[in-house]
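This report covers selected features of helix packing, strand pairing and aromatic contacts. Please have the sequence and the coordinates open while reading.

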Amino acid sequence: MSLSYKPVIWNRTKIIYDAVMLAGIFIYILIFLRLGPVISSALRDTDLPIQRMRAFGSLALLMLTIVLAIGPLARIDARFIPLLYNRRHFGVMTAIIAATHAYYVLGWYFSFSPTPQLTALFTSNTSFTSTAGFPFELFGVFALVILAVLAVTSHDFWLSFLTPPVWKAIHMSVYFAYAAVILHVALGALIDRRDLALAFLSLGGLATLCVLHLIAGRRETSADAAASKKAPEAPWVIVGDLSEIAEGRAIIGAAPGGERIAVFRSKGGLSAVSNICSHQNGPIGEGKVVIGFITCPWHGYQYRPEDGCSPPPFRERIRKYRLRLEGSSVLVDPEPLPLGTKLEPLAIPAELLPAVAAPKKEGTV
Ligand code: HEM
Ligand code: FES
């Protein structure tokens, strides 16, 4: 996991994800260029290079909106979780589509300028004091620079090299890129054309994202606030009933401070670990036990149930918690053990072993 890096590690899911994404891109551009001029008079009266530029510009905006919607959607409904797994591929592709848009802009708008194209881009419009004539291209340049930095640093090598907090801080700038794109589109493209589709894509997308983030945020806060029921012998908390845990899967409880704890059941034993993956904070409790290892559903990082450590040569570690059974109630001590502490899975008494919940379907929480 963190020791060796291959430039790209492909698996079947990634290939399907990328194939669907590329097919979607191809279909969008095809429909835009073929049907666009038939439906919209604004597109009919323009040349092909401008149509291409608009096709890629609007697609980049659409993809950026989708990238930002995937996170809250996955929190609101588990069916969106598969979209989350390879979100980085989606982000990198968004940067490539945006760069293609900029490439067409430079090629067409500044091809007849005697000054070099990049110089023309930065000097042809300098009406900084007027709203209508503001050089909206600069917002596009700003957004593209951010998207390029995020695409270049998207690989796990950079995550490890920069450390997760720095990497995360850099990647949060995607919201600045999005704000810049909205300004770019609003100031530039919307001003002189009454293009309803574009207005919907930019302002409708912005409103949808705000609502999704608010709903997801509220759910997270109330889930954190609703700690699992306290057991009579404090500080133990009751995370659920044994019968709720399917073989190889987990139930998730919450400590009074909001820390989530996942209790896995595997081969007649129970193990409690932090619900937060040390790779990118993925929800481990939504994963499963694969050949004896607790496996994170996001990118497949694995941890040993007995000590929360990744198998050698990897070095990731997650917290472990003490567990006990009271009848079929599963109780957890919310005080985490020091990282790396070994604690064998709690054996489920023979009389309780038949209490097995039906295995959950793939992709459900
Ligand atoms: C170097 C960076 C960029 C430059 C120089 C640039 C330049 C331009 C120009 C000149 C237009 C006006 C075209 C017209 O309506 O005739 C435009 C429109 C647009 N740009 Fe950019 N842009 C850049 C980056 C971006 C990025 C990063 C995005 C989105 C992620 C984006 C999305 C759009 C959209 C949606 C439109 C409106 C397209 C339409 O009219 O249908 N641009 N851009
Ligand atoms: S978050 Fe990436 S593997 Fe867990």
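The sections below describe a predicted model.

## Helix packing

Helix H3, residues 48-76, packs against helix H5, residues 87-109. Their axes lie 8 Å apart, at an angle of about 155°. Angles over 145 degrees count as roughly antiparallel, and H3 and H5 are therefore described as roughly antiparallel to each other.

The crossing of H3 past H5 is left-handed. Sorted by class, the residues in this contact are 19 nonpolar, 6 polar and 2 charged.

## Strand pairing

An open sheet is formed by 4 strands in the order E1-E2-E11-E10, with antiparallel pairing. Strands E1 (229-230) and E10 (323-326) are at the edges, each pairing on one side only.

E1 is joined to strand E2 (residues 237-241) by 2 bridges, and the two strands run antiparallel. Lys 229 has Ile 238 in E2 as its bridge partner.

## Aromatic pairs

There are 6 aromatic pairs in the structure. One of them is Phe 157 with Trp 158, an edge-to-face pair with 5.3 Å centre to centre and 80° between the planes. Phe 157 is partly exposed at 37% relative accessibility, and Trp 158 is partly exposed at 28%.

Phe 157 also pairs with Phe 161: the ring centres are 5.5 Å apart and the planes are at 15°, so this pair is stacked. Phe 157 and Phe 161 are 4 residues apart in helix H8 (residues 156-162), which means a separation of about one helical turn. Phe 161 is exposed, at 56% relative accessible area. Elsewhere, ring pairs link Phe 56, Tyr 103 and Tyr 104 into a cluster.

Definitions and conventions. Residues are numbered from 1 along each chain as its sequence is written. Chains are lettered from A and ligands numbered from 1 in the order in which they are written. This is a predicted model: local features need pLDDT of at least 70, side-chain atom pairs count only at pLDDT 80 or more; totals for chains, interfaces and linings use all residues. Side-chain values use heavy atoms; hydrogens and water are left out. Axes are lines fitted to C-alpha atoms, for helices over the stretch in contact, and angles run from 0 to 180 degrees between N-to-C directions. Angles under 35 degrees count as roughly parallel, over 145 as roughly antiparallel, 65 to 115 as roughly perpendicular and the rest as oblique. A crossing is left-handed if the near helix is turned anticlockwise from the far one by less than a right angle, and right-handed if clockwise. Ala, Val, Leu, Ile, Met, Phe, Trp, Tyr, Cys and Pro count as nonpolar, Asp, Glu, Lys and Arg as charged, and the others, Gly among them, as polar. Two strands pair if DSSP finds at least two bridges between them. Rings of Phe, Tyr and Trp (its six-membered ring) pair if their centres lie within 6.5 Å; planes under 30 degrees apart count as stacked, over 60 as edge-to-face and the rest as tilted. Buried means under 20% relative accessible area, exposed over 50%, partly exposed in between (1.4 Å probe, protein chains only).
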